[in-house]
Amino acid sequence: MQDILFDFISKYIILTDEEKRALIALDLFHSLKKGTILLKEGQKLDCNYFVLKGCIRKYYIIDGEEKTTAFYTEMEAFTPPCAVSKTHAEYYLSSIEDTLLVISNAHMEEEVNNKFPKFEIMCRKLSEELLAKERIDFDEFKTSSPEQRYLNLLQKRPDLIQRVPQHQLASYLGIKPQSLSRLRARVLQKK
């Protein structure tokens, strides 16, 4: 599992053996069983996540109904906004599959960045990429119809179709499960 992380990091910086040992010593790797809740509404946390294997879902509960807003899968990093703002979470994070995560916190990152400044450069580049991706995803969602959203999902994240329960996918697309079934049928007819 550490090799997966090191391969990802190598897209941004080259690690020395000393830097690799320093990362391993931080005890970053954590396994979660399917259904584990990482964060509940109202909790505080100071964690950053990187998914090595599996899938994490971000959702809100509004009027008793779950509203899915994100899925994080392999090689995706995310920092819950409440970790940055030091506020209580307004949402939930849970694993929808057995998941292997790298979990760090601000203290760990500060320690590594002070000892190895190039990590800060990598984190900045990664943050810029994530921000740009989230902005594009948000704009596409706001400007597209449910059918276009589904087609975008098929094109950009086809793995989610098989991995995620239909009611969660429908929520993510902003529609009801029955509408997703009809939409799928319509898309299949057009092929």
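## Helices and selected residues in a predicted model

What covers the buried residues of helix H5 includes helix H1 (2–9), helix H2 (17–25), strand E6 (76–78) and helix H4 (106–115). The structure described here is a predicted model. The buried residues in question include Phe119, Met122 and Leu126 of H5. Helix H5 itself runs over residues 118–143 and has 26 residues. From its first C-alpha to its last, H5 reaches 38 Å, close to the 38 Å expected at 1.5 Å a residue.

A second topic is the packing of two other helices. Two packed helices are described by the angle between their axes and the distance between the axes. For helix H6 (residues 146–156) and helix H9 (residues 177–190), the axes come within 11 Å and cross at roughly 70°. Angles of 65 to 115 degrees count as roughly perpendicular, and H6 and H9 are therefore roughly perpendicular to each other. The crossing of these two helices, H6 and H9, is right-handed. On the side of H6, the contact is made by Pro146, Glu147, Tyr150, Leu151 and Leu154. Helix H9 contributes Leu180, Leu183, Arg184, Arg186, Val187 and Lys190. Sorted by class, the residues of this contact between H6 and H9 are 7 nonpolar and 4 charged, with no polar residue.

Individual residues may also be examined. Ser171 has its place in helix H8 (residues 166–173). Is Ser171 buried or exposed? Its relative accessible area is 17%; because buried means under 20% relative accessible area, Ser171 is buried. When neighbours within four places in sequence are left aside, Ser171 is in contact with Glu66, Lys67 and Thr68.

| Residue | Phi | Location |
|---|---|---|
| Asp27 | about 55° | loop between H2 and strand E1 (29–32) |

Asp27 has a positive phi although it is not a glycine. As for accessibility, Asp27 has a relative accessible area of 53%. Exposed means over 50%, so Asp27 is exposed.

Methods: Residues are numbered from 1 along each chain as its sequence is written. This is a predicted model: local features need pLDDT of at least 70, side-chain atom pairs count only at pLDDT 80 or more; totals for chains, interfaces and linings use all residues. Side-chain values use heavy atoms; hydrogens and water are left out. Axes are lines fitted to C-alpha atoms, for helices over the stretch in contact, and angles run from 0 to 180 degrees between N-to-C directions. Helices (H or I, at least four residues) and strands (E, at least two) are DSSP runs, numbered from the N terminus. Angles under 35 degrees count as roughly parallel, over 145 as roughly antiparallel, 65 to 115 as roughly perpendicular and the rest as oblique. A crossing is left-handed if the near helix is turned anticlockwise from the far one by less than a right angle, and right-handed if clockwise. Contact means heavy atoms within 4.5 Å. Ala, Val, Leu, Ile, Met, Phe, Trp, Tyr, Cys and Pro count as nonpolar, Asp, Glu, Lys and Arg as charged, and the others, Gly among them, as polar. The expected span of a helix is 1.5 Å times one less than its number of residues. Buried means under 20% relative accessible area, exposed over 50%, partly exposed in between (1.4 Å probe, protein chains only).
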